[in-house]
Amino acid sequence: MNDTDLERYARHLILREIGGPGQAKLRKARVLSIGAGGLGSPLLLYLAAAGVGTLGIADDDAVSLSNLQRQVLFKTQSVGGTKVDAAKNALVALNDGVSVETHARRIDSGNAEEILGGYDLVCDGSDNFDTRYLINQTCVRLGLPLVAGAIGQWDGQLSVYAPHQGAPCYACVFPERPEADAAATCAEAGVVGALPGIVGSMMAMEVIKHITGAGETLSGRLWLYDALYAEARTLKIAKRDDCGVCGQTAPAI
Ligand SMILES: [Zn+2]
């Protein structure tokens, strides 16, 4: 670590739980964010600031004016450009010691394994259930930990899914896909601007803890947040032997 890095990461280096060894682990880590939207914005900004060595961004959208109410990676002048390019510019401007890899593609069954397989840890901030279930299946198949956050209107939830370490996967906890009505996107249902800031920052925190080994992650627990009443609770969640994705009865993978 050179003098510039010693100064840049000084507040990490003096933390007992991170220190030099933890900062070196962050530098070596390869983290993929699926989605560069409301959740991906604070997530990626904090991970770049923290010195995570390689950040992947998968998103095939362009920046629109209605994104700017919550997607703090982007500026008014970003509107019309691709999200991955605007995100990369913002992250490199924040920390040019971080390598940013862009995937301007929608994750589907044909490319998921190829894209996710290049990373140590996957973060899901996607906005639809088809992608969520596909990402979970792919992470289980590849043995990758998954930090999955979700938001709707005034509510947020977050967990770390690591079935290869004995914890549940996403499908253990949410075996049934919600009805179409209950799965409205932000565009359809609305979302308060600061909410993804809270949940996306929590996602960054779980990533930093997972990589450095600090404290206890949300693996095996589900965090639920109600912004309207400023209430949060954490539920214990368990791996299911009959899970169709990670359980003993799941098809051989
Ligand atoms: Zn499972």
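1. A salt bridge is a side-chain nitrogen of Lys or Arg within 4 Å of a carboxyl oxygen of Asp or Glu. The whole structure holds 11 salt bridges.

2. This is a predicted model, in which local features need pLDDT of at least 70 and side-chain atom pairs count only at pLDDT 80 or more, while totals for chains, interfaces and linings use all residues. Residues are numbered from 1 along each chain as its sequence is written, and side-chain values use heavy atoms, without hydrogens and water.

3. Asp130 and Arg177 form a salt bridge, with their closest N and O atoms 2.3 Å apart. Asp130 sits in helix α7 (residues 129–142) and Arg177 in the loop between α8 (170–173) and α9 (186–189), so the pair links parts of the chain 47 residues apart; helices are DSSP runs of H or I with at least four residues, and strands are runs of E with at least two, numbered from the N terminus. Asp130 is exposed at 54% relative accessible area, and Arg177 is partly exposed at 43% (buried is under 20%, exposed over 50%, partly exposed in between, with a 1.4 Å probe and protein chains only).

4. Glu206 and Lys209 meet in a salt bridge at 3.0 Å, N to O. Both residues lie in helix α10, three residues apart. Glu206 is buried at 4% relative accessibility, and Lys209 is buried at 18%.

5. The largest nonpolar core has 39 residues, of which Val31, Leu47, Leu55 and Val207 touch the most other members. Such a core is a set of buried Ala, Val, Leu, Ile, Met, Phe, Trp, Tyr and Cys residues joined through side-chain atoms within 4.5 Å.
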